[in-house]
Structures are given as structure tokens and as C-alpha cells.
Amino acid sequence: MPDQRRSAADAARGALLPRLRAIAGVARARRGIALRVGVSFVVPLAIGAAIGHLSWGAIATQGAFAAMYANDEPYRRRLPILVGIGIGLALAMALGTLLAPHPWVAAAFGGVVAGAAALACIGFEVGPPREFMLVLSYYVGSSLPVDAGAAPERAGYVLFGAAVVIAVSMAGHRFRPRAPEETSVTVAYRQVAALIAALGRDGVGEARHEAVLAVRRARAAMRAAGSEDPLRRRLTEMTVAIEAVLDATLGLVLRDSDPVDDGWSRALRTLGDSVRVPALAGPVELPDETPGTPHGPRFVEAMASARQAADPERLFAATIVPFTRPRRPRASAILRRTLRPNSLVLPTAVRIGIAAAVGTGIGLAIDAQRGAWIGLTAVAVLQASNVHLIAWRTVHRAVGSIVGAGLAAAILVADPGIVLIVVVIAICQVIAQSTITVAYGVAVVFVTPVALLSFDLGQPGTPIGALLGERVVDTLIGCAVGLVARRLLWPRTAQTRLPMAQGAVIEATRDVLHAALTRPVTESSVLLRRSRRRLQTELVNLRAVHADAIGDLLWSVRGGDESWSTTLAAQRVAYAAMAVSADRHGPPPDMALVARLDAALDAMAAIAEGHRVPAVVPVPPLERYPATHRALVQLRDALRAPAPALPPAS
């Protein structure tokens, strides 16, 4: 028995230590973001304390929540997001203050605010925490002492807090104006290096996805990078180079390459580090060994190009495909996109709005002085994208809130002074922001004292002991409301969207193969490069929709086997297409073969989307690319007949 206990303890330690190391690693990487958020909170509170109006500072911290947005975005995109969020927080505070005299109206309108904020944030691709902070500002306004005439004043305090955030978040532009882009490109190099290191080993599928995602983010960062300068040109060239390395590495994955020399991944990591320290690129040496697959020479050539791109002395090559700056979409265009029949945005936003209104109404029915926390908790758990994740998020938020409430109670029992409370709020905020992306429950433990201690500062004299108990109960109710809403309101939106996502990947695959096979007769590689970029985007979307469709089914995948096998086959053929080499000086293409291939992929995309097409789809032979031909046949077979259950997409 002691031996069994000891082995169980060793197993627990073996599982816990890697997790703790991962949390610590992410916390270190996010320490700059966390410190910016902490400073943004401390400044309004400190100013409020200094002028003798701490409650003003507490209200201004609602604007400080803008610090949680756009931290990884290039400064050119970060500024408009922060300005928009700051204005939204101020408007939400004003609306909450105006409607506070009418609790039930405020509860109903809270659903409108939550739904509209979710629609806007998702539509304009504003990342986490998305609508949550806007809803929080509204509920705080409706929970403060009733005074409709104070709406403009409180909104002004919030705008001041947002102005502090903008000053703090944009300060780095003066010293390192390309820091966000540098980080994105460095991460892309490291993730592709991790994919190379995973060749021939377990976990190569996950490493492949992370590499594609990182390269896509680097490309997006460079598109939003702003004005042209020598550093931007170097970063653009390095991004294009890592795209080529990724394409070649995907070819090695396709051919089930054996593990390659570790020197390849080490060299690529060093090139990634040279983004910020260009001198590191000079002494980089590439291994002499060429990977033993048909894609090996292409991989070696791409790595050599990446080393050249990292050379700070090298002139920017005019033949590189530029990253055109994205046009800012009009609000009307975004609205049309979010309201189209196959969009997931509208049902998500309406679900969040209904849950917020119902949760707040339940709270008011329990006690006229509460309700906001229930609605807010429902909004928080519904930020997860499927039922399975919401269930886990519910557990983490409930447990984290209970522990966090206990932590706040322990602090308040000591009757600390104002200065100490402000310091504790800053520390909790830094820890929460450092861990929220990797350990949600840990972050909630420290977010909860921030809310409760800020409430104590803004409304001193409130019996905080009773408030702590209420918060725990309200959190549990809010979690239940969010979970029920996700289970009952449009529970299979992702599963409905899955065929369209599969069809989009197949269509993008058609474009990539067409561009690659016709490269010898086209003057530029622009079409090939852009089609590969679009395919990467569609692959990322398919993986997300697929994961949500499975998560919505929880423990049962009955009836979904055919869709899952189609996803896997579509991914396989997409990666095979990206691995197809495009030689400008290759033999002339067989245009009849290309036309037949286009027609076959069009038919398979239509089948995936549920349209009626001929029962038999002939797949033309691709003698130069046998692995791609096999993947096409597997996709056709997966679409033609139901397949046995398969694991989730890799």
C-alpha cells in the first residue's frame, strides 16, 4: 500500500510539473502585457486617492479594462481598437447609470447591450475579452448609487481611465515601433522549428496546426504594420521566407519523413531570435544532410532562403510577394457578413444577450439589490465556443470565484489601508493577466478580488462579508444559466456550419493546385502565394468549426462520423496541395488534366456542402504527385460513403 501511494504521488507530480512549467512560461512571456494592465489600473486609483475622491478612481478603472485588448496587435491597429473600446466602456457606463432607477428595464436592456457588444466585437474581430468588459461597465453603472444625472460625469471618469490605457499601451511605439510585428514573426519561426523537430514523432499533427496558425498571425501582423521602412521590409521578407519553409516542411510531413537533423530546427530558432538581434543570423550554419524524401531538396532550398532573408545587410528582393494592407471594411459590409444565413456570429450574439437578460432577471427576483453578477457570469462562460468548453469554463469560474472570494475576505478582514488595497489590486491584476491564456481558473482566482476590492473602494462601508457570500451564490447561478443557454439555444450551430467550412477548404485546395500546376506558364508567383495563404486561413477555420461541432455533442458523436472523416480527408488533401512544388521552369502543364482536376474538386466541394452532384466523381491521375493523388481519392471516398468513427481532426 505505501508503494502504491508513493507511485500515485509520483504520477501526480509528473502530470503537475509540466503544467506548472507551462503556466510559468506563458506568465513570463506575458509579463510585459500584465505590467501594462497593472499600471493602467493603479494610475486612476492613485490619482483618485491623491485628490480625496477614491470613488472617482474606482469608476475610472472601468476604462482601465481597455488595457486587456489588442495587446498583441501592431500599434497601427491597436490604437483604433483601444479608442473604440474606451468609448464603448464610457457609453456602457452612461447607459447603466441612466437605467439604474428602473431595475427590470436595466435587466432587459442589459441583454441588448450584451448581444450588441458581442455582435460588434466578433464582427470586427476584436479578440478576448471581447464583449465581457463592455457588459461589466454597463452592470457596474446600473449597480452604483442611483443618480441618473451622474451619467455624463461617470462616463467622463471612464474615458479618463481609457486615456491612461492608451498612453500606457502606446508608449512602446516611441522606443520599438515594430515590437508587435517582431514578436509575431519570431513566434512563427519558433513554431515552424517545433514542427521540424516533431517530424517522425508523436504530436506532429498538433505541431503542424500550431505552425500554420503562427505563420498566419505573422502574415496578418505584417499586413497591418503601417508605413514602409527598412525594418518592415526585412520583417516582410522573413515572413515570406518562413512561409516557404512551412510549405516545404508540410511536404516532409506528407511523406511521413523520418526525424531530421536537429540542426535544422536549431538553425530556424536562431533565425527567429535574429528578428530582434540581427547579428545572430550571421553565423548560422545549416546541416549538410538533406532529408530523405522527394521534398528534401525543396526544404533545403527554403531554409537557405530563410537564412538569406534574415541577413540585415541583404537588400529587399523586388520579386517577393508583398503583403497588401487590408482595407478597413465598412460597418455595413461587416453587418451583412454577420447576418448571412451560415454565419455563427448572430446566434452567438443573441444567445449571449438572452443569457445576460435572464441571468440578471433571476438575480433581481432573488433580491432587488443584486442580479448583475449573475448576468455577467453567464456572459463570461458563454465566451467559450462550444458546450464542452463551456462546461469546463463553468467549473473553473465557479471554483476560481469561490477561492478568489475567500482571498478577498482574508484581505479585508485585516482591515488594510487604501494604499495596501491599491497595491493588492495591482498585484492580482498582473497575476491574472499573466495566466489567463493558459490557466483560466487560476486567473479567475485573482480577478475576483480585483472586482470585490474595487467595489469596497468605490462604496466604502458596504457590508462586504454578506457581499462575498452573495457573489459565490450568484457565480454558481450564472454558470448554470450560461451552460443551459448554450445547450438549449442553437446548440448545433457549429455542426450546421461544418459542411460549409469543409467545402471552403476543398475550394481553396482547388485554387492552390491550379496555381501550382500552371506555374510554368504564369509570369508571377503571386497567385500561388495568395492561394496558399487563403488555404491556410480556411484550414484554421475548419479546425475551429470542427472542434466546436464535436464539443457541442459532448460525449456522443452519433450521426457525425461521416462529417468527421470528411474533415480529416479535406485536411489531408489541403496539406498535400500546399506541399506541391511549383517550379517556374518545369514542364508545360497539361491544361486538360488541370481542368479535370478543377472539376473534380468543384464536385467534391459541392458534395461536402450538401448539394446534389453526379454520384461518381472521377479523380484524374497525378503521376508526378502520387501522395496528393492518394489524398484526393481518400477525400472522394470519404464523401461518397459513411466512414467509421475517427478521432478529432489533428
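Y157 is buried, at 17% relative accessible area. Buried means under 20% relative accessible area, exposed over 50%, and partly exposed in between (1.4 Å probe, protein chains only). The model is predicted: local features need pLDDT of at least 70, side-chain atom pairs count only at pLDDT 80 or more, and totals for chains, interfaces and linings use all residues. Residues are numbered from 1 along each chain as its sequence is written, and side-chain values use heavy atoms, without hydrogens and water.

**Aromatic pairs**

Rings of Phe, Tyr and Trp (its six-membered ring) pair if their centres lie within 6.5 Å; planes under 30 degrees apart are stacked, over 60 edge-to-face, the rest tilted. The count comes to five aromatic pairs. The rings of W56 and Y157 have centres 5.3 Å apart and planes at 25°, so this pair is stacked. W56 lies in helix α3 (residues 54-64) and Y157 in helix α7 (residues 151-170), so the pair ties together parts 101 residues apart in sequence. Helices are DSSP runs (H or I, at least four residues), numbered from the N terminus, and strands are E runs of at least two. W56 is partly exposed, at 30% relative accessibility. Ring pairs also link F109, Y138 and Y139 into a cluster.

**Annotated spans**

UniProt (unreviewed entry) places "transmembrane region" at several spans, including residues 79-99 and 372-392. Such annotations may be inferred rather than shown by experiment; positions use the numbering here, and feature names are shortened.

| Residues | Helix | Strand | End C-alpha distance |
|---|---|---|---|
| 79-99 | 100% helix | 0% strand | 30 Å |
| 372-392 | 76% helix | 0% strand | 22 Å |

**Helix α14**

I354 is found in helix α14. I354 is partly exposed, with a relative accessible area of 35%.
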